[in-house]
Amino acid sequence: MLSDPTMMAFLAASFVLAATPGPGVLFIVTRTVSQGRLAGLASVGGVALGNFGNAVGASLGLAALFAVSSLAFAVVKWLGAGYLVYIGLSSLRTPVATEEKATEPDAGIAQLFRDGFWVALLNPKTAIFFAAFLPQFLHSAAPGFFQSTAHGACFVVIAACTDTAYVLAAAKMAPMLRHLGKGAALGRYLTAGIFIGLGVFTALTGSRSSK
């Protein structure tokens, strides 16, 4: 299968797209810097599961619904934006991890995983992205749903690997970043500002055709 030129092209394109920083990477890196490497890895897992949900949704035709229904797209988009703002406001009550506690996230692994899942799942543009990207690499002779889902799963795995690389890099830089500025209070406000900014950006981005 890996010798198939179409599959090789898919894997190469997936790696380039997954490695390109976007809102998901910013979400994961922010979690890592503010709460430690374990928090970042938990967020990667949640985002991966949410992205896979969007891949399955695209295979089932939900992306087509979002593409033609402004109401459906707007409802999911605003839910996702609201959740990002909620996370930002909640982070004001979460202290930035100290160097000694960098591997002990305050929010709890389950909550961090859940936050990543909902942030990724409540992004209708991801489903539309899968619906536009995956068909370019599918073979007409194979069942469409299973083939599309398998390709979506491959993309999610590649994205999880690149996201993990971002987590490891951010964790290495975190001690230095924590010593910048005026301490934990500044870190909390910066973290809250990033998440709230992502929520506002999501809400104000009106195009349904871009990721």
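Helices are DSSP runs of H or I with at least four residues, numbered from the N terminus. The exercises below apply this to a predicted model.

**Exercise 1.** Determine which secondary-structure elements the protein has, and in which helix L62 is found.

*Solution.* Begin with the overall count, which is nine helices and zero strands, so that the pattern read along the sequence is α-α-α-α-α-α-α-α-α. Then place the residue: L62 is found in helix α4, whereas L60 has its place in helix α3, which covers residues 37-60.

**Exercise 2.** Decide whether L60 and L62 are buried, partly exposed or exposed.

*Solution.* The cut-offs come first: under 20% relative accessible area counts as buried, over 50% as exposed, and values in between as partly exposed. L60 has a relative accessible area of 60% and is therefore exposed. L62 has a relative accessible area of 42%, which means that L62 is partly exposed. As background, 42% of the 211 residues of the protein count as buried.

**Exercise 3.** Identify the residues of the nonpolar surface patch and the element that gives the most to the patch.

*Solution.* The members are L60, L62, L65, V68, F145 and F146, which together have about 630 Å² of accessible area. Next, assign them to elements: those giving two or more residues are α4 (62-68) and α8 (144-178). Of the elements, α4 gives the most, with three residues.

**Exercise 4.** State how far L62 and F73 are from each other in sequence and in space.

*Solution.* Along the chain, L62 and F73 are 11 residues apart, while their C-alpha atoms are 10.0 Å apart in space.

Note on methods. Residues are numbered from 1 along each chain as its sequence is written. This is a predicted model: local features need pLDDT of at least 70, side-chain atom pairs count only at pLDDT 80 or more; totals for chains, interfaces and linings use all residues. Side-chain values use heavy atoms; hydrogens and water are left out. Patches are made of residues with over 30% relative accessible area and no salt bridge: like charges are joined within 9 Å, nonpolar side chains (Val, Leu, Ile, Met, Phe, Trp, Tyr) within 5 Å. Accessible areas come from the Shrake-Rupley method with a 1.4 Å probe; for residues, only the protein chains shown count as cover. A salt bridge is a side-chain nitrogen of Lys or Arg within 4 Å of a carboxyl oxygen of Asp or Glu. Buried means under 20% relative accessible area, exposed over 50%, partly exposed in between (1.4 Å probe, protein chains only).
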